[in-house]
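Look at the chain below and follow its charged side chains. The text after it goes through their pairings one at a time.

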Amino acid sequence: MNDIDCKILISRIEELANERGLSLTTVFVESGAGKNFKSNLRIAKPSLGKITLIANYLDTTPEYLIGETDIKEKPSEDGELENNMVKFIGLGKLLHTGRNT
C-alpha cells in the first residue's frame, strides 16, 4: 500500500459530490470534516477519521476515496463487513505510519 494520493482523494470526492448535486464545501461541512478540508491537504495528509466522515456522508468507503478500490458502493452488511474491517485496519496503519505495514 502506498501513501495517500490527495489528488485521487479530491477527484473522487468531487466525482461523488457532482453525482449528488453537492458542492465540495457542502460535503466537507455537512460530513463533519470541516470547510477547510481541501486547503488543509496542502500542509498535512488527511486523518482516517476525516476520510471516514466524508466516505460515510457520500455513502462509500474510505478505500474508494483513496483509490485503493474502484468499487464505489459500501459492502452489504452481511458477510463482507468483516473482510472490509481487516482492510480498514490496514488503512489506519497506513495513515498513521505513512508506509507499508
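Arg12 is buried, at 14% relative accessibility; here buried means under 20% relative accessible area, exposed over 50%, and partly exposed in between (1.4 Å probe, protein chains only). This is a predicted model, in which local features need pLDDT of at least 70 and side-chain atom pairs count only at pLDDT 80 or more, while totals for chains, interfaces and linings use all residues. Residues are numbered from 1 along each chain as its sequence is written, and side-chain values use heavy atoms, with hydrogens and water left out.

Side chains of opposite charge can pair when their charged atoms come close. A salt bridge is counted when a side-chain nitrogen of Lys or Arg lies within 4 Å of a carboxyl oxygen of Asp or Glu. The structure holds 5 salt bridges.

One of them joins Arg12 to Asp70, at 2.6 Å from N to O. Arg12 sits in helix 1 (residues 6–19) and Asp70 in the loop between helix 5 (62–65) and helix 6 (80–97), so the pair ties together parts that are 58 residues apart in sequence. Helices here are DSSP runs (H or I, at least four residues), numbered from the N terminus. Asp70 is exposed, with a relative accessible area of 63%.

Lys72 is partly exposed at 24% relative accessible area, and Glu19 is partly exposed at 48%. A network of salt bridges links Glu15, Glu19, Arg20 and Lys72.

Terms used
Helices (H or I, at least four residues) and strands (E, at least two) are DSSP runs, numbered from the N terminus.
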